[in-house]
Amino acid sequence: MLVVMQAHATEEQVRAVCQKIESLGYRAHAMPGATRTAIGITGNQGEVEQGTLDDMPGVQEVIRVSKPYKLVSRDVKEENTVIRFAGTPATIGGKNLAIIAGPCAIENRDQAFAVAEAVAGAGAQFFRGGAYKPRTSPYSFQGMGEAGLQIMAEIRDRFGLKIITEAIDNESLELVDQYADVIQIGARNMQNFSLLKRAGRARKPVLLKRGMSATLEEFFMAAEYIMSEGNYNVVLCERGVRTFADHTRNTLDLSIVPAVQRLSHLPIVVDPSHGTGKRNKVTPLSRASVAVGADGLIVEVHNQPDKALSDGMQSLYPEQFVDLMAQVRQIAAVVGREIVPIAAQDRAAYKAPEPAPAR
Ligand code: PEP
Ligand code: MN
């Protein structure tokens, strides 16, 4: 159910409707919009009786939301969600294109700093790096844990980059929520409902990766789990799905970008690194992602990809990332997007490495 408030409804009236909803044992989600506030009602005890709210002061109408996902839907919030961060004009969603780059995993301080310096110099605003790695084999590198988070916190201080890193369980989520600017939930955990609920109670925005075989509706329902707990800052991420094709690690499903944007107000970014698994396909698919209207990119970059402890094959060399940025800037301009620097004074301090010939 959705309560649409009148355009001139007062804050007091919105609050009274929310209180009424909560007193009935449901949860109220007030979503202010450009012209009016809507209040989403969630709960798993059936629907609120329509007449209960209809006549309250400031209420315009009470609508049934027939879709299984509610808070994710444009029915509840028409305008695109734009996620803002303190101290930077860079956003996720809106006109700005969010550029998230960094190694698959934080391996040590020198590696992380070398990559951070390179990606900041090339114009990324967000730094990615795994401290907790969900690996297929228990014998593969599992990440540095909290020590990795500490390195990323230093990177934020040094370069001004905002930090995105994955939480794989409730315990790591607690720490990631403390250290990072955005909490990543990985493809393998997209339907880990208790983790999603915990992320919904976190203070930081959540980047939710699409499960390897998730439908659009399952993807939305995973985001709904997070939002139903009160965290409305969710970024969706397409990272490729499993298909019969074996020329790439996964098949990047770019058609999900307009499909998401039609039905949801949430931003969607694309990960062409996991989406292809092959370094030489990352730049072409980054161009395509921006052209199709993605709100940003998440790209793996390593200073020594041949020695990387995870995902070296799909990690770009720093010079290749510089080249990717140059190409993506051109496409961004065509589709009316821009890449704002993380902070003008930080950018001025860098000298980007020279672009290298294609490998
Ligand atoms: C990652 O971003 O390094 C990662 C493990 O991604 P995914 O969950 O998409 O496989
Ligand atoms: Mn990876």
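Below are legends for several close-up views of one predicted model.

Before the views, a word on conventions: residues are numbered from 1 along each chain as its sequence is written, while chains are lettered from A and ligands numbered from 1 in the order in which they are written. Because the model is predicted, local features need pLDDT of at least 70 and side-chain atom pairs count only at pLDDT 80 or more, while totals for chains, interfaces and linings use all residues; side-chain values use heavy atoms, with hydrogens and water left out.

**View 1. The largest pocket, with a volume of about 510 Å³.**
Its lining has 19 residues, and T42, G43, N44, E224 and S228 are the closest to the centre. A pocket here is an open set of points on a 1 Å grid over the protein atoms alone, where a 1.4 Å probe fits and protein lies on both sides within 12 Å along at least five of seven lines; lining residues have an atom within 4 Å of a point. Grid points are joined across faces, edges and corners, and a volume is the space filled by probe spheres set on the points. Strand β3 (37–42) and helix α7 (216–228) each supply at least two lining residues of the largest pocket, and α7 gives the most, with four. Helices (H or I, at least four residues) and strands (E, at least two) are DSSP runs, numbered from the N terminus. By class, the lining of the largest pocket divides into seven nonpolar, six polar and six charged residues. For these classes, Ala, Val, Leu, Ile, Met, Phe, Trp, Tyr, Cys and Pro count as nonpolar, Asp, Glu, Lys and Arg as charged, and the others, Gly among them, as polar.

**View 2. The second largest pocket, with a volume of about 250 Å³.**
Look here for P134, R188, R249, H274 and D311, which lie nearest the centre among the 18 lining residues. Nine of the lining residues of the second largest pocket are charged, six are polar and three are nonpolar. D311 is found in the loop between β14 (296–300) and α11 (318–334).

**View 3. Strand β9 (residues 162–166) and the strands paired with it.**
Five of the five residues of β9 are buried, where buried means under 20% relative accessible area, exposed over 50% and partly exposed in between (1.4 Å probe, protein chains only). K162, I164 and E166 are on one side of β9 and I163 and T165 on the other, so to speak a strand with both faces covered. Strand β8 (residues 126–128) runs parallel to β9 and is joined to it by three bridges; R128 has I164 as its bridge partner in β9. Two strands pair if DSSP finds at least two bridges between them. Strand β10 (residues 182–185) also pairs with β9 in the parallel sense, over three bridges, and E166 has Q184 as its bridge partner in β10.

**View 4. Crossovers through helices α4 and α5.**
β8, helix α4 (residues 146–159) and β9 make a right-handed β-α-β unit. The chain then crosses from β9 through helix α5 (residues 170–179) to β10, and this crossover is right-handed too. A crossover is right-handed if, with the strands pointing away from the viewer, the path from the first strand over the helix to the second runs clockwise. Within helix α4 you can find Q150, which counts as partly exposed because its relative accessibility is 39%.

**View 5. The largest nonpolar core, with 77 residues.**
V119, F127, I155, L208, L236, F321 and L324 touch the most other members of this core. Helix α3 (residues 109–122) contributes the largest share, seven residues. A nonpolar core is a set of buried Ala, Val, Leu, Ile, Met, Phe, Trp, Tyr and Cys residues joined through side-chain atoms within 4.5 Å. In soluble globular proteins, nonpolar side chains tend to be buried together.

**View 6. The largest cavity, with about 60 Å³ of space.**
A cavity is a set of grid points where the 1.4 Å probe fits but cannot get out. The lining of the largest cavity is M31, P32, G33, A34, T35, R36, V76, K77, E78 and E79, with four nonpolar, two polar and four charged residues.
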